[in-house]
Amino acid sequence: MNISKATGEQKLQLCRTYFRAGFALLPFLWAVNFFWFFKEAFGRNSYPEQKQIKQYVIYSGIGTFIWTVALTVWIIIFQTQRAQWGATADYMSFIIPLGKP
């Protein structure tokens, strides 16, 4: 979809939809929203809906950052502590590595 041909109201509606969908545990949509609408929010001439789009873009960027940090921390903790957690970690794993922990 080429958003440059869309009206300001259509851009706002799409940006709002992607932002709200990110709350359904789909933080990838926040990243898409941030990068897709960044130029619209900060680089274009001013139009009435731009202020709201800018808010959604900022919040989407913050949400993406928080999810990225949380996921990275979880991966590091799980990878380094999995062997110590015993059976509990095995129940959370799809692939159980062979060999000594």
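Biologist: Where is Leu-25 found?

Modeller: Leu-25 is found in the loop between H1 and H2. Helices are DSSP runs of H or I with at least four residues, strands are runs of E with at least two, and both are numbered from the N terminus. The model is a predicted one, in which local features need pLDDT of at least 70 and side-chain atom pairs count only at pLDDT 80 or more, while totals for chains, interfaces and linings use all residues. Residues are numbered from 1 along each chain as its sequence is written, and side-chain values use heavy atoms, with hydrogens and water left out.

Biologist: What phi does Leu-25 have?

Modeller: The general idea comes first: most residues other than glycine have a negative phi. Leu-25 is not a glycine, yet its phi is positive, at about 60°.

Biologist: Does accessibility have cut-offs, and is Leu-25 buried or exposed?

Modeller: Buried means under 20% relative accessible area, exposed means over 50%, and partly exposed lies in between, using a 1.4 Å probe and protein chains only. Leu-25 counts as exposed because its relative accessibility is 63%. Phe-28, in helix H2, is also exposed, with a relative accessible area of 63%. From C-alpha to C-alpha, Phe-28 lies 19 Å from Lys-11, and the two are 17 residues apart in sequence.

Biologist: Is Lys-11 buried or exposed?

Modeller: Lys-11, which is found in helix H1, counts as buried, since its relative accessibility is 8%. Contact means heavy atoms within 4.5 Å. Leaving aside residues up to four places away in sequence, Lys-11 touches Ile-3, Ser-4, Ala-6, Phe-37, Glu-40, Tyr-47 and Ile-53.

Biologist: At what angle do helices H2 and H3 pack?

Modeller: Axes are lines fitted to C-alpha atoms, for helices over the stretch in contact, and angles run from 0 to 180 degrees between N-to-C directions. Here helix H2 (residues 27-42) packs against helix H3 (residues 50-85) at about 140°, and the axes are 8 Å apart. The crossing of the two is left-handed: the near helix is turned anticlockwise from the far one by less than a right angle, whereas clockwise would be right-handed.

Biologist: Which residues of H2 and H3 meet?

Modeller: On the H2 side they include Trp-30, Phe-34, Phe-37 and Ala-41, and on the H3 side Ile-53, Tyr-56, Val-57 and Trp-67. The residues of this contact divide into 13 nonpolar, six polar and two charged. In that count Ala, Val, Leu, Ile, Met, Phe, Trp, Tyr, Cys and Pro are nonpolar, Asp, Glu, Lys and Arg are charged, and the others, Gly among them, are polar.

Biologist: How many residues has the largest nonpolar core?

Modeller: A nonpolar core is a set of buried Ala, Val, Leu, Ile, Met, Phe, Trp, Tyr and Cys residues joined through side-chain atoms within 4.5 Å. The largest one here has twelve residues, among them Leu-12, Phe-19, Trp-30, Phe-37, Ile-53 and Tyr-56. Helices H1 (8-22), H2 and H3 each supply at least two of its residues, and H1 gives the most, with four. Ile-53 touches Gly-8, Lys-11, Leu-12, Cys-15, Phe-37, Ala-41 and Tyr-47, again not counting residues up to four places away in sequence.

Biologist: How many aromatic pairs does the structure hold?

Modeller: Rings of Phe, Tyr and Trp (its six-membered ring) pair if their centres lie within 6.5 Å; planes under 30 degrees apart count as stacked, over 60 as edge-to-face and the rest as tilted. The structure holds 13 such pairs. Phe-19 and Phe-23 form an edge-to-face pair because their planes stand at 90°, with the ring centres 5.2 Å apart. Phe-19 is buried at 12% relative accessible area, whereas Phe-23 is exposed at 55%. The pair of Trp-36 and Phe-37 is tilted because the planes are at 45°, with the centres 5.6 Å apart. Trp-36 is partly exposed at 27%, while Phe-37 is buried at 0%. Ring pairs also link Phe-19, Phe-23, Trp-30, Tyr-56 and Tyr-59 into a cluster.

Biologist: Which residues does Trp-85 touch?

Modeller: Trp-85 touches Trp-74, Ile-77, Phe-78 and Met-92, residues up to four places away in sequence not being counted. Trp-85 is found in helix H3 and is partly exposed, with a relative accessible area of 31%. Its C-alpha atom is separated by 46 Å from that of Ala-41, 44 residues apart along the chain.
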